[in-house]
Amino acid sequence: MHLEKQLTDMAIAYGWDYCGFADLTPFHDYMSSFCGPFINQFPRAVSLVIRLSNAVVDSIEEQERDKILSFHNYNYYAIDYLQNTGTARIANYLERNGWRAYPVPASYGVYQETLAALISHKLVARAAGLGWIGKNGLFLTPREGPRVRLASILTDAPLETALPMESACHNCQICQLACPAGAIKGREFNEREADYERLDPVKCFDFMENRKKEWDIEIERCVCGLCVAVCPFGRRLGSRQQL
């Protein structure tokens, strides 16, 4: 566990709240279906999770224009800059010590048809035992719920990996009912099903594009964030007790 502790200590020092280690080999076939045999050189991954400010997330429940734009800047500039800088530093450490390490940038899609990144950060975080993938299509930790951001480092370093965590969403429909785009279908995560069985990314994307036109703004994403804000996992304790 010497290397695992070193990496975890580095992750905490760089600002993350959780660090886990995933065995990717059970998912190589799935991942290679979109990123090709490239993934096969990386049997494991480091998963990194940072919590979001409750004050920032709580502020978007009323869907006010200025709070939504601030939420966008906080997520995609402040938090992602911290994550992408940190993953580059940790990957550099691994490679200087003789292992291959590929830091996957946070929030940068490379597959336009699915609006997806090179690999699924959510799948890696779940495989690392840090939480589960919810009905909203987001990654949830038991404490913060979906109020988190993710980063991943693919590697061949000899890390001791964890087991995936099962979903705790159960019969909850709060995110589905709150979604203004009607994109959330209310299905539990099933690794044998495609993402669109649970979430319609086109409806979500169209809602964001229509809002950008309505508000006359030019930004990459104009997410509403309601599926993050209303989830009972991660809300203030008083709000969670009332649900």
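Student: How many of the residues of β6 are buried?

Tutor: In this predicted model, 8 of the 8 residues of β6 are buried. The strand is mostly covered.

Student: Which residues point which way from β6?

Tutor: Val-148, Leu-150, Ser-152 and Leu-154 point one way. Arg-149, Ala-151, Ile-153 and Thr-155 point the other way. Both sets are buried.

Student: In which sense do β2 and β6 pair?

Tutor: Antiparallel, over 8 bridges. Within that pairing, Ile-50 stands opposite Arg-149 of β6.

Student: And how many bridges does β3 make with β6?

Tutor: Strand β3, residues 101-104, pairs with β6 over 4 bridges. The sense is antiparallel. Val-104 has Ser-152 as its bridge partner in β6.

Student: Back to Arg-149. What does its side chain meet in a salt bridge?

Tutor: Asp-80, at 3.2 Å from N to O. That pair links distant parts of the chain: Asp-80 sits in helix α4 (residues 65-96) and Arg-149 in strand β6, 69 residues apart.

Student: Are those two buried or exposed, starting with Asp-80?

Tutor: Asp-80 counts as buried, at 1% relative accessibility. Arg-149 is at 15%. The cut-off for buried is under 20%, so Arg-149 counts as buried too.

Student: How many salt bridges does a search of the whole structure find?

Tutor: It finds 9. Among them is the one between Arg-147 and Asp-58, at 2.9 Å from N to O. Arg-147 lies in the loop between β5 (139-140) and β6 (148-155), and Asp-58 in helix α3 (residues 54-58), so this pair ties together parts 89 residues apart in sequence. Both Arg-147 and Asp-58 are buried.

Student: What about Glu-193 and Arg-187? How do their side chains meet?

Tutor: In a salt bridge, 2.4 Å from N to O. Glu-193 is partly exposed, with a relative accessible area of 22%. Arg-187 is partly exposed as well, at 38%.

Student: Which residues are linked in a network of salt bridges?

Tutor: Glu-64, Asp-66 and Lys-67.

Student: New topic. Which residues touch the most other members of the largest nonpolar core?

Tutor: Leu-7, Val-46, Leu-48, Ile-90, Leu-94 and Ile-153, out of 34 residues in that core. The elements giving two or more residues to the core are α1 (2-13), β1 (18-23), β2 (44-51), α4, β6, α7 (201-215) and α8 (226-229).

Student: Which of them gives the most?

Tutor: α4, with 9 residues.

Student: Zoom in on Val-46. What does Val-46 touch?

Tutor: Leaving out residues up to four places away in sequence, Val-46 touches Leu-7, Cys-19, Gly-20, Phe-21, Val-124, Ala-151, Ser-152, Ile-153 and Leu-159.

Student: What does the second, separate core include?

Tutor: That core has 24 residues, including Val-104, Ile-119, Leu-130 and Val-148.

Student: Now helix α2. Which of its residues are buried?

Tutor: In α2, residues 28-35, His-28, Met-31 and Cys-35 are buried. They cover an arc of only 70 degrees around the axis, which puts them on the same side of α2. What covers these buried residues includes α5 (121-127).

Student: What does the face turned away carry?

Tutor: The exposed residues Asp-29 and Ser-33.

Student: And what follows α2?

Tutor: Gly-36, whose phi is positive, near 80 degrees.

Student: Last topic, aromatics. How many pairs?

Tutor: The count comes to 4 aromatic pairs. The rings of Phe-38 and Tyr-102 have centres 5.1 Å apart and planes at 75 degrees, so that pair is edge-to-face. Phe-38 lies in the loop between α2 and β2, and Tyr-102 in strand β3, so the pair ties together parts 64 residues apart in sequence.

Student: How exposed is Phe-38?

Tutor: Phe-38 is partly exposed, with a relative accessible area of 23%. Tyr-102 counts as partly exposed at 33%.

Student: How do the rings of Trp-132 and Phe-233 sit?

Tutor: Their centres are 5.1 Å apart and their planes at 80 degrees, so this pair is edge-to-face. Trp-132 is in strand β4 (residues 132-133) and Phe-233 in the loop between α8 and α9 (237-242), 101 residues apart. Trp-132 is buried, at 3%. Phe-233 counts as partly exposed, at 24%.

Student: Which residues form one aromatic cluster?

Tutor: Phe-38, Phe-42 and Tyr-102.

Note on methods. Residues are numbered from 1 along each chain as its sequence is written. Side-chain values use heavy atoms; hydrogens and water are left out. A salt bridge is a side-chain nitrogen of Lys or Arg within 4 Å of a carboxyl oxygen of Asp or Glu. Buried means under 20% relative accessible area, exposed over 50%, partly exposed in between (1.4 Å probe, protein chains only). A nonpolar core is a set of buried Ala, Val, Leu, Ile, Met, Phe, Trp, Tyr and Cys residues joined through side-chain atoms within 4.5 Å. Contact means heavy atoms within 4.5 Å. The arc is that of the directions from the helix axis to the C-beta atoms. Two strands pair if DSSP finds at least two bridges between them. Rings of Phe, Tyr and Trp (its six-membered ring) pair if their centres lie within 6.5 Å; planes under 30 degrees apart count as stacked, over 60 as edge-to-face and the rest as tilted.
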